[in-house]
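This report goes through a protein structure part by part. Please look at the sequence and the model before reading on.

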Amino acid sequence: MESSGHTYLLVDGENIDATLGGSILGRRPQPQERPRWERLLTFAEERWQQPVTALFFLAVHGDLPMPFVQALTAIGYKPVPLSGTPDQKVVDLGIQRTLEEIGRREGDVVLVSNDGDFIPHLSPLVGERRTALLAFDEFRSSGYADLIARGLETFDLEYDVSAFTETLPRLRVIPIDEFDPAQFL
């Protein structure tokens with residue numbers, strides 16, 4: 001697939017944080033256990049060797065979390081703070097609308113989420129431009145299988161992107177060539 005010359009990195013931080021806390025750690029993540037968001041940006045830039053516009057979608061209920069927003073801005077993200085009614089999944093809606101808008105422009109797409117709610121919006125882009133999904137492989141929605149078969153690239157946040165400074169307590173199937181019995185003893 002030919003490069004478009006630009007990449008859009010769309011981060012569903014809420015989904016990644018919920019998966020990390022609820023499914024991997026079983027508790028609220030400590031700051032040092034959260035992804036190093038700058039590593040995702042660097043990975044996207046290096047992977048496809050082109051400039052990246054990085055959007056970090058946030059659900060805001062009340063005050064804007066200024067220290068976090070300032071930190072994101074300092075490392076190169078454009079925070080997208082969204083609010084809505086309690087029944088609205090504002091981050092999902094924002095990313096879905098952004099994927100639709102990207103479909104009317106040129107640009108490759110890297111989505112950071114395990115959530116299958118984006119499949120209908122990402123589907124028209126797969127095969128038309130470079131597309132990738134950064135997620136936790138074992139928690140990635142199985143609905144992405146058809147898109148992967150059509151060319152959606154997938155990368156694991158910990159193992160491929162090295163987004164964490166500490167090893168996470170994950171249970172995964174280990175290819176025998178990567179098996180190190182010392183990790184289990």
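What volume does the largest pocket have?

## Basis of the report

This is a predicted model, in which local features need pLDDT of at least 70 and side-chain atom pairs count only at pLDDT 80 or more, while totals for chains, interfaces and linings use all residues. Residues are numbered from 1 along each chain as its sequence is written, and side-chain values use heavy atoms, with hydrogens and water left out.

## The largest pocket

The volume of the largest pocket is about 340 Å³. A pocket is an open set of points on a 1 Å grid over the protein atoms alone, with protein on both sides within 12 Å along at least five of seven lines; a cavity is a set of points where a 1.4 Å probe fits but cannot get out, and lining residues have an atom within 4 Å of a point. Grid points are joined across faces, edges and corners, and a volume is the space filled by probe spheres set on the points.

The lining of the largest pocket has 14 residues, and Phe56, Leu58, Ala59, Pro65 and Phe68 lie nearest its centre. Helix H1 (13–25) and strand E2 (52–59) are the elements that give two or more residues to this lining. E2 provides the largest share, four residues. By type, the lining has eight nonpolar, two polar and four charged residues. Here Ala, Val, Leu, Ile, Met, Phe, Trp, Tyr, Cys and Pro count as nonpolar, Asp, Glu, Lys and Arg as charged, and the others, Gly among them, as polar.

## The second largest pocket

The second largest pocket has a volume of about 270 Å³. Among the residues that line this pocket are Tyr159, Thr167, Arg170, Glu178 and Phe184. Its lining divides into five nonpolar, two polar and four charged residues.

Which residues of H2 are buried? They are Trp37, Leu40, Leu41, Phe43, Ala44 and Trp48, where buried means under 20% relative accessible area, exposed over 50% and partly exposed in between (1.4 Å probe, protein chains only). Seen down the axis of H2, these buried residues fall within an arc of 160°, so they line one face of the helix. The arc is that of the directions from the helix axis to the C-beta atoms. Just after H2, Gln49 has a positive phi of about 50°.

The whole structure has one cavity of 30 Å³ or more. The volume of the largest cavity is about 40 Å³, and its lining includes Phe43, Ala44, Arg47 and Trp48. H2 gives the most to this lining, with four residues. The lining holds seven nonpolar residues, no polar ones and one charged.

## The chain as a whole

The protein chain has six helices and six strands; helices (H or I, at least four residues) and strands (E, at least two) are DSSP runs, numbered from the N terminus. From the N terminus on, the elements run β-α-α-β-α-β-α-β-α-β-α-β. Of the 185 residues, 43% count as buried. Along its principal axes the C-alpha trace spans about 50 × 40 × 30 Å.
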